[in-house]
Amino acid sequence: MKPRKNTKRVPSFRKLLKTSKIKLDNKLKNKQFKQQSTAKKYRKEQRKLRQAVRDVISKTPAPLEEHKKKHAAEKVEEEEEEEALPLDMMDEDDLKLMEDLARKASFLTRDLSSSEPIHAKKRKQESVIGKYEKMPRRMQTEPEKELIHLLPIKDKTGIIPQTMEKPVVNIAQNEEEEEDMEEMEVAEVSREEPLPLLSTEELLVQRKIKLQEKKTQIAGLASAILSDPENNIKKLKELRVMLMEQDPNVAVIVRKLVLVSLMEIFKDITPSYKIRPLTEAEKATKVKKETQKLREFEEGLVSQYKFYLENLEQTIKDWKQRKLKKSNVISLKAYKGLAEIAVKCLCELLVALPHFNFHNNIIVLVVPLMNDTSKQISEMCCEAVKQLFKQDKLGVASLGVVKVISGLVKSRNYDVRPEVLKIFLHLRIKEVEMKKDTEDIAAKKKFMTCKDKRKNLSRMQRKWKKAEEKLERELLEAEASESKEKKLKLHTETLNIVFLTYFRILKKAQKSPLLPAVLEGLAKFAHLINVEFFDDLLMVLHSLIASGDLSYRESLHCILTAFHILSGQGDVLNIDPLKFYTHLYKTLFRLHAGATNDDMIIVLQCLDVMLAKRRKQVSQQRALAFIKRLSTLALHVLPDSSVGILASNRVLMQTFPKTDLLLDNESQGSGLYLPELDEPEYCNAQNTALWELHLLKRHYHPTVQRFAAHLIAGAPAEGSAALKADLSRRSATELFGNYSMKGMTFNPPVASVTPRKKDKFSPGNSFLHEDLKELIQAHLSQLSLHRTLDFAKHLKASSIS
């Protein structure tokens, strides 16, 4: 005979979870509540029975006709008499006699609350005496046995379920108690022995001992799992059940330790591939023991990882909703710290396991928290996403994050924190797929089929071809690099979503606080925008600048974005963005040694893109005007900004050699230099001189002095006036960052700068007298405090008495 097939199903995890401590406690509470209700009913029946016995003894039964006419006051009097003569004050012989009479009673013990005939009542329903006789017998029966389902045992025959009887808690029944349920509870509490009171030190010592025991238990489980994950994968459940710790003294710390321990365990034992569920055919196929063991490990790992993520999500959700469970022992204040640990665990898993299961679910949880009101949680999530972008070489995880951010911004109606959009600046996207006019892409290399080989190759050639193809396949496998086409495709899709988000904000939310982040992002990725959008985008940027609603920094971002567009694919377009040059030239003097000093880095980037990289499209008049205005600007900014400006002037003087005429005192054409005019093409900058360099040569900062002396000499690349390598090889933005004075404070004294009547220059600076006098008369009323003090300091150094 064939052995009988075991048809018992393996109990699911949900069924096994019912045997946890919480379910058992709930069952015990329900059982106790039922027993208490039954006991209460039993005491009511006994009270009625004693009332009937007292009526028999007193031989004064109330007439049936008058019973219905009793008032509430008479009932109260009877209850008072009943309380005045409790049964526990009677002798034992009398009480025994009353009980015997109660068992032998006939019509005297019937329900006196009814006036119906006895025979009629028997026909309709069961007699009251029968009820009284049945009640003690029902209560004296043995309680029902309740079974507890334990973890099953597996042997050769299959899985054997295990159960055990649960002891029933017997509640002490007092037959002589006549008070209500509330009075009974008060009496029971009063009869309880008082618990010994512990001092604060004893409580702390007791808490410390409990906490040490829990730590030891957590460490033991974690060590067992890490030492042999495949055999001890079930211990993950034991460790995860500790998240339900009910001791209020150590519950918060234990749950935090368990959350962090599980996070570290999953980071260590998780494989470097994604685990997919098995198909029905694969489950039915017989496999080796090692394969089956590996499958069970993977299935258990994925299941426990899923439950762990659900616990993290529920912790954060309960904290957000300010909601506690009835059986919870943690306060709302402690829940905030627990939620922060849960968010930290999610961020760690987001960065450490981008290849594993449920990574998209983690992204959906983490990205909305970037917009959280808590600064700590928001910064934690932003840093995690930045780290994910930094290490994502292929772009799959980046694409998932960008999709969720785009949906979040749209669903919140563009009411999110600017840091959420600034995350896009950390994307590692340098090239994308461009539209091709024709099929000029080289066809993919394909291996020849057997039919082609027989037709076109000889036997020896086929042999060599086979060996060559085998070698190429091995080289491709050994290369272990991601496909470039797949990478470009993912980057293209990611950037399309980014630009879609940016354009939506430009169209619908131009006065949103997100606009600076949008302009900064467009400036970074402008070289990757499709040429079809260039005209419309330039018009939008110009309209934003002309509206006057933007801050100075935002307008600089607009200029930088426009020139990034024109310096990339837009280089082939015949567009002269004169209005952007004019706007930058006009607003340069808005920079000063105060708050706008931080905007200098953007100005230096704009100068590099607008003048140095577009030198073929820049006229000599425009270059002269910018060099002159930048030299004037260097007088009233901080030293770091002065160094960056002079470095930009050095590049411009080397890029446009004819600008050395600004170092000569003689005029180069008709007209007079107009420093107030905002048109760089028509301000006649060729008729002035860079007298500012002589003042900067006496600057208190040594690097500024060095650059000023270098520019006065004509910015030579060699010779004694040439700069050292550490200054000449660095760009203007790098020098500005190296000499940054951010965080330093400067409190200048108040001084009078009114020019005196007798102006006397030193012989070496006599040719600067007219230009200096012009500038002071034209701009003295517009200078800021720092600029005025700088002028006073330099005029004093020039021996003006």
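1. In this predicted model, Arg622 lies over the face of Tyr581, at 4.3 Å from the ring centre.

2. The ring centres of Phe563 and Tyr581 are 5.0 Å apart and the planes stand at 75°, so the pair is edge-to-face. The pair links distant parts of the chain, since Phe563 belongs to helix α24 (residues 552-567) and Tyr581 to helix α25 (residues 578-587), 18 residues apart.

3. Both partners are covered. Phe563 is buried because its relative accessible area, 1%, is under 20%. Tyr581 is likewise buried, with a relative accessible area of 0%.

4. Cys683 is found in the loop between α28 (639-655) and α29 (692-696). Its relative accessible area is 0%, so Cys683 is buried. The C-alpha atoms of Cys683 and Arg622 are separated by 9.2 Å, although the two residues are 61 residues apart along the chain.

5. Which residues is Cys683 in contact with, leaving aside its neighbours within four places in sequence? They are Tyr585, Ala625, Leu672, Tyr673, Leu674 and Leu677.

6. Leu674 lies in the loop between α28 and α29. With a relative accessible area of 34%, Leu674 is partly exposed. Together with Leu672, Leu677 and Tyr682, Leu674 forms a nonpolar patch on the surface, and the accessible area of these residues together is about 400 Å².

7. Elsewhere, one aromatic cluster is formed by Phe266, Tyr305, Tyr308, Phe356 and Phe358.

Technical notes
Residues are numbered from 1 along each chain as its sequence is written. This is a predicted model: local features need pLDDT of at least 70, side-chain atom pairs count only at pLDDT 80 or more; totals for chains, interfaces and linings use all residues. Side-chain values use heavy atoms; hydrogens and water are left out. Helices (H or I, at least four residues) and strands (E, at least two) are DSSP runs, numbered from the N terminus. Buried means under 20% relative accessible area, exposed over 50%, partly exposed in between (1.4 Å probe, protein chains only). Contact means heavy atoms within 4.5 Å. Patches are made of residues with over 30% relative accessible area and no salt bridge: like charges are joined within 9 Å, nonpolar side chains (Val, Leu, Ile, Met, Phe, Trp, Tyr) within 5 Å. Accessible areas come from the Shrake-Rupley method with a 1.4 Å probe; for residues, only the protein chains shown count as cover. A salt bridge is a side-chain nitrogen of Lys or Arg within 4 Å of a carboxyl oxygen of Asp or Glu. Rings of Phe, Tyr and Trp (its six-membered ring) pair if their centres lie within 6.5 Å; planes under 30 degrees apart count as stacked, over 60 as edge-to-face and the rest as tilted. A charge sits over a ring if NZ of Lys or CZ of Arg is within 6 Å of the ring centre and within 35 degrees of the ring normal.
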